[in-house]
Amino acid sequence: MSDTAAVTTASPFADRLLAMNESATIAMAKKSRELMAKGFDVINLSFGEPDFQTPQYIKDAAKQALDDGYTFYSPVPGYPDLRQAICDKFKRDNHLEYLPNQIVVSTGAKQSLANVIMSMVNPGDEVIVFSPYWVSYEEMVKLAEGTSVALVGTLENDYKVTAEQLEAAITERTKLIMYSSPCNPTGAVFSRQELGAIAAVLARHPQVYALADEIYEYINFVGEHVSLAQFPEVRDRVITVNGFSKGYAMTGWRLGYLAARQDIASACEKMQSQITSGTCSITQRAGLAALLGGRASADEMVEAYRRRRGLVLEIVRDIPGFKTPTPSGAFYIFPEVSAYFGRTAPDGSTINNSMDLAMYLLNDALVSAVSGEAFGAPECMRFSTAAADEKLVEAFRRVKASLAKL
Ligand SMILES: Cc1ncc(COP(=O)(O)O)c(C=O)c1O
């Protein structure tokens, strides 16, 4: 027996854990924190987190919830009044009619996505993941022992997968497609026409379901947000996931939800009942207040994100070798950076890939970004634009100067 085999046999951990990658965004943040602890002035653009505080009226509702005694277990799929408010939100924003028993409130959109994948994907089922994708999609599919099939959009089409590509990728083993719009990491937003064409493909394949991640719905610079569930021919097979982390700047509260056909919602409720039960009671009361307050607070934040997008693009467009589509939503830029691969850094090392480039920028420019590898786009790099204007300007000024040394 080789040494490696002996170590593997002795590991206390399950194969599913060993097969799983650590989140690249979390790993990068860890490295930048280490540098900061040594006194370096690192600008962290690796996180997918609004830099805004949660609006005060939402915080006040949480305090009130404690005083009102919301300290007990909640129903697994969420308080009835919160589920009703979510239905009202779907009606108001998305022109979609759901009943409260079609809504499952979870500990973040992340858990909603996991609930669906764990409830619907059997070992060997194929899940078509529109790529570039959010880091956790592939790992969740792996956890369910499904086969994820990355379908890669092109730079020319702002990385959006087309209906033609989807049609060609569907097999009799395809169970689910999943995507985010607005997209993390690219910021692309599907138009009504594009999603309509995707709906038409799905209509021809009745065994295929769709998981539409709309967590960035409110952070949209082009105006119209389209839900795949709005197309009647596929509505019953679309599970829409959304949450409070991005639109209401509530990342730490852990609150998300899904809307689906009633049997799918019940399945997700059953899955959740054995893992976490209902999410935090106080968080849910805060979430109810957030929804009843409408989207004014989100709209204010969007104006800041729009301004920052402009500031950043102005500098980035001037960086030789970066090919950066204009993001239509979310708070990232996702340049193609492969022009720098093969170049030599001042210390003599070679930049072989976007991981090396991210590490070089962290050490030389003291700016942390995430390699596109974890998003299924190894030739790209993701920078968050959720930071103060002056920090963004300084960060991209430093990035430009460091790249000029290669
Ligand atoms: C595309 C996408 N989906 C889901 C999530 C998870 O959101 P939540 O904080 O609600 O779990 C994120 C968070 O970064 C995301 O970027």
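User: Is His-95 buried or exposed, and what is its relative accessible area?

Analyst: This is a predicted model: local features need pLDDT of at least 70, side-chain atom pairs count only at pLDDT 80 or more, and totals for chains, interfaces and linings use all residues. Residues are numbered from 1 along each chain as its sequence is written, and side-chain values use heavy atoms, leaving out hydrogens and water. Buried means under 20% relative accessible area, exposed over 50%, and partly exposed in between (1.4 Å probe, protein chains only). His-95 is exposed, at 64%.

User: Where does His-95 lie, and what is its phi?

Analyst: His-95 lies in the loop between α5 (80-94) and β2. Helices (H or I, at least four residues) and strands (E, at least two) are DSSP runs, numbered from the N terminus. Most residues other than glycine have a negative phi. His-95 has a positive phi, near 55°.

User: Which loop holds Ser-277, and what is its phi?

Analyst: Ser-277 lies in the loop between α10 (262-273) and α11 (281-292). Ser-277 counts as partly exposed, because its relative accessibility is 27%. Ser-277 is not a glycine, but its phi is positive, at about 65°.

User: Why does Ser-106 count as buried?

Analyst: Ser-106 is found in strand β2 (residues 103-106). Ser-106 counts as buried because its relative accessibility is 0%.

User: Which side chains make polar contacts with the side chain of Ser-106?

Analyst: A polar contact is a pair of N or O atoms within 3.5 Å; within protein, one must be able to donate a hydrogen and the other to accept it, and residues adjacent in sequence count only if both atoms are side-chain atoms. Another, of 2.7 Å, goes to Gln-272.

User: Which peptide bond has omega near -10°?

Analyst: Most peptide bonds are trans. The bond in question is cis. Its Pro-182 is in the loop between β5 (174-180) and α9 (192-203). The bond runs from Ser-181 to Pro-182.

User: What is omega for the bond that joins Asn-184 and Pro-185?

Analyst: Pro-185 is found in the loop between β5 and α9. The bond joining Asn-184 and Pro-185 is cis, with omega about 25°.
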